[in-house]
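This report goes through selected features of the structure shown below. Each section takes up one topic.

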Amino acid sequence: MRGIVKQFPGVRALDGVDLEVLPGEVHCLLGQNGAGKSTLIKVLAGAHHPDEGTITFGGEQVRLSGPTAAIRLGISTIYQELDLVDGLSVAENIFLGHEPARLGFVSQGEANRATRDLLGRLGHGEIRPTTEVGRLSPAAKQVVSMARALSHDTRLIVMDEPSAALAHDEVANLFRIIRELTAQGVAVVYISHRLEEIREIGDRVTVLKDGRTVAVGLPARETPTARVVSLMTGRDVEYVFPPRRSRTTGAEVLRVEGLTVPGRVAGVSFSVRAGEIVGLAGLVGSGRSEIIEAIYGARRFSGEVVLEGRPVRRRGTAGTVRLGMGLAPEERKAQALLLDQSVARNITLASLGRYSRFGWMDRRREAEDARGMVTALDIRPGDPERPVKTLSGGNQQKAVLARWLVNGRKLLLLDEPTRGVDVGARAELYAVVRRLADEGIGVLLVSSEVPEVLGLADRVLVIREGHIIHEAGAGELDEHRVLDMIMEGSAL
Amino acid sequence: TSNEPAAAPGTAAPAPAPAATGGNDAPGQKVVIGFSAPAADHGWIAAIAKNAEATAKQYSDVEFKPVEPTNDINAQISAVESLIAAKVGALVILPNDGQQLNQIARQASDAGIPVVNLDRVFPDKLSYRTWIGGDNYGMGVAAGHYIGKTLKDKGVSNPVILEIQGIATLPLTQDRSKGFEDALKTYGFSVTARQDAQFTVESGTRVAANLMQAHKKIDAIWNHDDDQGVGVLAAVKEAGRSEFFMVGGAGSANAMREIKADTGVLKATVTYSPTMAASAIKLARLIAQGKGMSDLVENGVPQSITLASETITKDNVDKYLPLGFES
Amino acid sequence: MRPPAGGSTPVKAPAAAVPAAGSGPLARLGITRLGEARHLGLVIALVLLAVVGLVTVPETFATASNLVSILSLAATIGVITVGMTFVIIGGGIDLSVGAVMALASVWATTLATQSYGPFVMILCAVLVGTGAGLVNGLLISYGRLVPFIATLAMLVAARGLAQRMSNRKTQLVQQGNEMIVELSTTRVLGIPVLVYVFAVVVVLGWVLLNRTTFGRRTYAVGGNPEAARLAGIDVRRHTVLLYALSGLCCGIAAVLIMARTTTGSSTHGDLYELDAIAAVIIGGTLLTGGRGTIIGSILGLLIFTVITNLFILNGLNTSDQLIAKGLIIVVAVLLQRRSLESRT
Amino acid sequence: MRPPAGGSTPVKAPAAAVPAAGSGPLARLGITRLGEARHLGLVIALVLLAVVGLVTVPETFATASNLVSILSLAATIGVITVGMTFVIIGGGIDLSVGAVMALASVWATTLATQSYGPFVMILCAVLVGTGAGLVNGLLISYGRLVPFIATLAMLVAARGLAQRMSNRKTQLVQQGNEMIVELSTTRVLGIPVLVYVFAVVVVLGWVLLNRTTFGRRTYAVGGNPEAARLAGIDVRRHTVLLYALSGLCCGIAAVLIMARTTTGSSTHGDLYELDAIAAVIIGGTLLTGGRGTIIGSILGLLIFTVITNLFILNGLNTSDQLIAKGLIIVVAVLLQRRSLESRT
Ligand SMILES: Nc1ncnc2c1ncn2[C@@H]1O[C@H](COP(=O)(O)OP(=O)(O)OP(=O)(O)O)[C@@H](O)[C@H]1O
Ligand SMILES: Nc1ncnc2c1ncn2[C@@H]1O[C@H](COP(=O)(O)OP(=O)(O)OP(=O)(O)O)[C@@H](O)[C@H]1O
Ligand SMILES: O[C@@H]1[C@@H](O)[C@H](O)OC[C@H]1O
Ligand SMILES: [Mg+2]
Ligand SMILES: [Mg+2]
């Protein structure tokens, strides 16, 4: 790809990008949120028409009239936003658009058989071809997307953040498949914000910044992390966690007694003190989100939740918010944001009462506070009136945090706060969370990235299958021990 | 029906008689006649609009100003308002509902515009100068007598008599049913079952099909309206039933042809003729020109004219056919 | 309101794919898209209505002739409902169905058309219906009008055109073209031909939706148009086809209404759009698209038809019918929901 | 069909944040939610219609009395449209508005109610409307019925109940209660009181939507109910309130229709639901919720009303009116789209 330009209304997403991928290599595409990675691969997939630039494939210059054209050439794509149809079965999704059919009649048996083969090859024979995709976990959906890409006869597979929804051991499985593919001469374009993955699987790296290529074909294993990061961000980011305080001595903010969500969480008890960050480490599906949602009143449970010494009666989220809790949920777009609305309105959504008298909004004060938050958290661009959907993932996440900062929380529940967030923004988020704790807020943190839990939390609870199996200060643990513990059959 | 090739008397409204009898039709001072009626969602109303227009066209001194027909009261009020604002010389109004349009008709009258009230009546006599319409109660009575007498003559006891009404919420429907019931009572009979339709062919089919399921043996049916009657007859044909006879209402040309052919269940219909619209235009013109009806002794047009509801059977159908409206 | 967004990221592979504990055979059925168990609530509602019929009007309700009568009544709108199901699963809506049917019936019964005989009349109705549907589809796909607005405009315009063509008169099917009417009067094995037509449309619709690429793509286009596009489906073209299909169904329905009423008329099919949409939704199809079944829609429609039949058999008046109908709709849907939930 | 899913996470750098070259002040407006520029297309359509009026019926169209007449005609359904706008922005739909208005008008004009005088009549209408809305809301929120079905059931049941209460007769406002009728006959500064009522409802609706926490929550609940819930908003309660508000508007509309027609009747408000929904959608509110404005809805409604008025003045026949209406709807929406797009 040479000199690709793609202009969206108001945004020049690609401004002359070059990309060169060799057969059999894993080519990593790096860049901050919004750098243009997904746009570039959509151009490659025929989903966007470039305004300028050329694409050469297998030595010939090609024009991609649409997704079908790309697929025919042997380019298949796993998109970042899962591109599956919930109402259709696994097999139907995999073969959507190229169903095995005679005279328009689908041969479902054939599709199911082929699906079983594909899934088997991916090490997921347990996913049934007839299951409705809407009922699958995000991880399983990711597998289906992959199977779909493999269902074509392909010479180039593009993967846009395939590991974002995957657990640790799943990523290993993904890498195994990528190696199989490259061994057969298939090229892979791999996008991820997890730099350690790039090191493990990548051959060469192309870095995008603000829609331009800033580095081409760097060796993935040899280039120092600091250099990659500074290429991406244009500055030197300390990819480190903010220092913790020596000792937290705050009063108990939250106490949980025998919290049980049938089938998910079995009698969990623990507490969080003011100024303390408590991390929940565990596999995807171990029940961490359920614990958080139950505490927050967003899910039915039995057991007791005590906030500042007073038991929380089950009153739903309206009640717990009033008592001083706040939640940054796992799926930012689906669960937290009003995408069409301004940053300001997203920030004040949970504290409307604060800005109103008898229901009448004090818009001046609202605007002032929103602006203050935008400045304090350095949300970029710094215009509170911008629709939140035009912000990058990291900045959207800051807006979600800001929502809980405008009205003084006692307890913050953070579920995967850095999912899909680039390194630069990540470091900023860590700093914000640490600062909040230092100001005396209790924080309960869920993250699938063990280093994040260890780096940010003061104390870590290891969860497996709905039980707390270990509790320790973050300093007393290392990544390997935690991974051992959260996987089954580990030695304590 | 529009596509009956054989039929077709040029217009349903008889041409105005030559200006011999006293000069009623002689051209006079120019009049603008405003006209407002419900939307033509069935043949009878369509005939009303057509008759009014055709009649107005026959007079060189009449300018016809129809407004959007509508079934929304609110919109009809606006329509009449606009005619008042346009300062027409006379108004002919067939209201969707006399009571609901009364206020605006009253406004017109108060503003000095004579109102000719057509068919559905305004409750307030100050709201109109003249009313012309059919005799709904009388229609029911006529149908009741025909059915009662026929069954009595056949010696049927405890007959199953069904009634298919038009739009149930119209006062005229209730009048018709009352007349029907009262007349049947004189024979010691009563209505076995009653359902309402919407004056449309399709609703007629639907209601009749279900009614025939409910009653395995029927003696007679009175159907209020010949438009929906087309649908009723289709349902009867489809069910292959013939043990009963049926009486229609309004007097469409199509119904008359059926009666004349005498091959189906329809044996009679009771009139409620849309020619009243033609008459209404004539009355409006006379009133506006300050004339009386030349056949009458009085100097002015009468305050109300009720058309008689006649019973059309095979015996007299030829006489009525030219007046039948094409539904 | 939309259902809350699904739970969070779940389990690693093996556990995720396996349904939760406590899943009997019903639950397993429910997991597949075709699981007819999802219609249990509707079937229960129908059975309850039948029981009411058997108790209140035992001698008439369960007779063959009454059942045939119910099916004949359901046939016209039933054909339309099949088309509507496709459109709604495909993420759209078609408000113009009743008006398009009326227009097709009028066009097919003009003297000019009738002079060519019954087959041309049928062809005419079908072409007019499909053509109107095509216009809807083009306006929506390429004109990018919201379906609600585009088909509302078509509703209004088609009724107007039908009135104009017919001069607001009811047009009788002429002598020589009785073949049309015979669709409703001729019986094979005691059942009018028109009911067979209805059945054939339902079966073809079912096959098209469940066994062909067209059906798959309909779910995809309605469920996630962007995903469908990325999978190489021409979403616009497919959308046009969906509305054309709905128009085609209106054309067929026009033939049936001509057969039943022996007429073409601009008043035919008044408010069919509401009935058809209601049947589809009661049948479990989401207004947001991507999910739904033909069988559910037909069951939903039958519930409506049986209610009307029961009321008339019992001699209830319209007001009471309406009140009861409102209550029955609520109860049927609650039953339906209950039966779905008991399986999860 | 839904618009394709939006692009992914955007740029961070200031360079990308700045609108592309060639974007004038309009484009900047478009970025803020309130940008009234979004109504440009509607305003253009209205102006075009006015020009048609001035050309075809110069002596009558632009008179004060005609404008008042247009507003009086718009008032009843306008009040309903305000309520509908809230419901649709909140992610729902209310099919029962016309029927609820009819029921309220009937209840308020029974002899029993009328014996207490005009204020009790008004109170009665408003309470009946709100009550019916409340039932809708409860069925949807706590009974978890789809709004389409719940309000369809209410439509049917409310009409039935209205027919039953009124014995299907038109109920006149009695002597002694003329105050009700005077809402339409009394003029202040040449404008009937009823138009002021309409204006007040629009202004209050605008304030409620744009200046209060209730309005904020409405956008949130419609835009992303799950996010609203997790932000501590009681989504169910809010939903109930939205439907109650719509019902309240129906109650007020019932008073206006009583004033205009001097009656209560079970036939009032037939098909108002379609008109109101169409006005809201033409006004730019998405059927999927989370976006929309009161001003847009009112402009949409005025377009419909002016079309009707023009037809009345021009004495077109119904058939042609219908055809023209269909075309005008399409053109208005295309204009609206065009003007929105030209800004991006
Ligand atoms: N809405 C749902 N429907 C069915 N199963 C669900 C739903 N939400 C979660 N689950 C299942 O519940 C289990 C626990 O999921 P949960 O989200 O608590 O995991 P978790 O530990 O929070 O992992 P993660 O942090 O990745 O979200 C998983 O098996 C998951 O598949
Ligand atoms: N369909 C679209 N319409 C308008 N703008 C778009 C569209 N798609 C992407 N953009 C913009 O293009 C820019 C590049 O976005 P892109 O999704 O390619 O970033 P990315 O590098 O994939 O980011 P991330 O790491 O967050 O996935 C962003 O400013 C984004 O807002
Ligand atoms: O509309 C009515 C018509 O259909 C009926 O037949 O006679 C009276 C009219 O008002
Ligand atoms: Mg991306
Ligand atoms: Mg989770």
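Which residues coordinate the magnesium ion (ligand 4)?

The model is predicted. In it, A:S38 (OG) and A:Q80 (OE1) coordinate the magnesium ion (ligand 4), at 1.9 to 2.0 Å. The pair links distant parts of the chain, 42 residues apart. A:S38 belongs to helix α1 (residues 37-44) of chain A, while A:Q80 sits in the loop between β6 (75-78) and α3 (90-94) of chain A.

The two residues can also be described by their accessibility. A:S38 has a relative accessible area of 11% and is buried. A:Q80 has a relative accessible area of 24%, so it counts as partly exposed.

## Two domains in chain A

Chain A is divided into domain 1 (4-233) and domain 2 (251-488). Taken over C-alpha atoms, the centres of domain 1 of chain A and domain 2 of chain A are separated by 31 Å. Domain 1 of chain A brings 14 residues to the contact, and domain 2 of chain A brings 16 residues.

The size of an interface is often given as the accessible area lost when the parts come together. Between them, domain 1 of chain A and domain 2 of chain A bury about 1,200 Å², with 60% of it on carbon and sulfur atoms. Of the area that domain 1 of chain A buries against domain 2 of chain A, 40% is supplied by A:N33, A:H168 and A:H193, more than by any other three residues.

## Polar links between the domains

Across the interface of domain 1 of chain A and domain 2 of chain A there is one salt bridge. The same interface has two residue pairs in polar contact, both at pLDDT 80 or more. On the side of domain 1 of chain A that touches domain 2 of chain A, the elements that give two or more residues are α6 (168-183) and α8 (225-233) of chain A. α8(A) gives the most to this side, with three residues.

A salt bridge joins the side chains of A:E449 and A:R194 (3.4 Å, N to O). A:E449 and A:R194 are also part of a network of salt bridges that links A:R194, A:E197, A:R426, A:E449 and A:E452.

## Other salt bridges

How many salt bridges does the structure hold over all chains? There are 59 salt bridges over all chains. In one of them, the side chains of A:R299 and A:E290 meet at 3.7 Å, N to O. A:R299 is partly exposed, with a relative accessible area of 25%, whereas A:E290 is buried at 11% relative accessibility.

Another salt bridge is formed by the side chains of C:R260 and B:E238 (2.7 Å, N to O). This pair joins two chains, because C:R260 lies in helix α14 (residues 235-261) of chain C and B:E238 in helix α7 of chain B. Both C:R260 and B:E238 are buried. In chain C, C:R229 forms a salt bridge with C:E226, and the closest N and O atoms are 3.4 Å apart. Helix α13 (residues 225-230) of chain C holds both C:R229 and C:E226, which are three residues apart, about one turn of the helix. C:R229 has a relative accessible area of 28% and is partly exposed, while C:E226, at 12% relative accessibility, is buried.

## Helix α8 of chain B

In helix α8 (residues 253-261) of chain B, the buried residues are B:A253, B:N254, B:A255, B:M256, B:R257 and B:I259. In chain B, the buried residues of α8(B) pack against α7 (226-239), β10 (266-271), β12 (311-313) and α10 (317-320), and they also pack against β1 of chain C. Just after α8(B) comes B:D262, with a positive phi of about 55 degrees.

## Backbone details

B:D119 is not a glycine, yet it has a positive phi of about 65 degrees. B:D119 is found in the loop between β4 (115-118) and β5 (130-133) of chain B, and it is buried, with a relative accessible area of 5%. C:R168 likewise has a positive phi, near 60 degrees. The place of C:R168 is the loop between α9 (147-166) and β1 (171-172) of chain C. C:R168 counts as buried, at 16% relative accessibility.

Chain A has a cis peptide bond between A:R380 and A:P381, with omega about -5 degrees. A:P381 is in the loop between α13 (363-376) and α14 (393-405) of chain A.

How values were computed. Residues numbered from 1 in each chain as written. Chains lettered and ligands numbered in written order. Predicted model: local features only at pLDDT ≥ 70, side-chain atom pairs only at ≥ 80, totals over all residues. Heavy atoms only, no water. Helix = DSSP H or I, 4+ residues; strand = E, 2+ residues; numbered from the N terminus. Buried < 20%, exposed > 50% of the residue type's maximum accessible area, 1.4 Å probe, protein only. Donors = N, O, S within 2.8 Å, 3.2 Å for Na, K, Ca; no water. Contact = heavy atoms within 4.5 Å. Domains from an automatic or database assignment. Buried area = accessible area lost by both parts, 1.4 Å probe. Salt bridge = Lys/Arg side-chain N within 4 Å of Asp/Glu carboxyl O. Polar contact = N/O pair within 3.5 Å; in protein donor to acceptor, adjacent residues only side chain to side chain.
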